[in-house]
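Colleague: Could you take a close look at one part of this model for me? I would like the local backbone and its surroundings in one connected account.

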Amino acid sequence: MDSLCYIEGTWHEGNPPVLGPSTLATWLGALVFDGARAFEGTAPDLDLHCQRVVDSAEAMGMKCPLPAAEIERLAREAITRFPDGAELYIKPIVWAEGGWIYPDPESSRFMLHVFDAPLPDAAGIGLCISSRRRPAPDQAPTDAKAACLYPNAGRALREANEKGFDNAVVLDPDGNVAELATSNVFMARDGVVATPAANGTFLAGITRMRVMGLLRDAGYEVRETTMTVDDLMEADEIWSTGNHAKVVPVTRLEQRSLQAGPICRKARELYWNYAHGRLG
């Protein structure tokens, strides 16, 4: 078994057909999701990820049928159905079955998808600057982890891959750095850590928040700030944070080569210690 799905009281293996042609989510994108991880016997911040899918549903005009605590319970049950130590992606989903253009909140449905997803190699990734932009909050539902936001991220990622890069730096509507196509971004210069300020154009991730807190607790200065491409080009080190790969160094930015620096390595070490309860 490499994929398990819970739908309305029943567990299914594989990829069960769920959405029909009349489902609002199918034709108008009324669907939100979240992503958590289980690996090495731990599931860091699972409760926060479960709460965020509830919040995302509300932001999209839906109503999650289950409370966050029940979603977490189901996720932990799903983890036990896989072999010990499996590296899993945990994806709760809420979608609208009905409505006209906008969702009928009473039609909201829930499913939980858990599947094998090995953690990517942490040796380093290469980035280019994307031609795509993140939308402003009045242009798209940027206050939710909404599926409709991801086609543009996918176009940014495809553009990067076709140029020979692993990911892309995506700018906000003002031309400042927002995030990567699939994760948040950090840099360090002269020992000071910086990450783009949460300005509503991108998802300020749970792993981002956790890493910021861990570094501050470890004595580092961490700034949330307006960040430009020039700032990245002048950084001593760059790394990304996100649920899929957690903390990964950037070893190439356009034609510039970088190394996995000491603060990035410390951030990854601190995160792993946090995940395994080895802090404090």
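Modeller: Lys246 belongs to strand S16, which covers residues 246–253. Keep in mind that the model is predicted. Lys246 has a phi near 70 degrees, a positive value in a residue that is not glycine. That deserves a remark. Most residues other than glycine have a negative phi. Is Lys246 buried or exposed? Its relative accessible area is 1%, so Lys246 is buried, given that the cut-off is under 20%.

Ile101 also calls for a look at phi. Its phi is near 70 degrees, again positive in a residue other than glycine. Ile101 sits in a loop, with strand S6 (99–100) on one side and strand S7 (102–103) on the other. Its relative accessibility is 54%, so Ile101 counts as exposed, the cut-off being over 50%. To put the pair together: Lys246 is buried, whereas Ile101 is exposed.

Ala117 lies between strand S8 (108–116) and strand S9 (125–133), in the loop that links them. Ala117 has 8% relative accessibility and therefore counts as buried. Which residues does Ala117 touch, leaving aside those up to four places away in sequence? They are Arg37, Glu87, Leu88 and Tyr89. Ala25 gives a distance for reference. Ala117 and Ala25 are separated by 92 residues in sequence. In space, their C-alpha atoms are 25 Å apart.

How values were computed: Residues are numbered from 1 along each chain as its sequence is written. This is a predicted model: local features need pLDDT of at least 70, side-chain atom pairs count only at pLDDT 80 or more; totals for chains, interfaces and linings use all residues. Side-chain values use heavy atoms; hydrogens and water are left out. Helices (H or I, at least four residues) and strands (E, at least two) are DSSP runs, numbered from the N terminus. Buried means under 20% relative accessible area, exposed over 50%, partly exposed in between (1.4 Å probe, protein chains only). Contact means heavy atoms within 4.5 Å.
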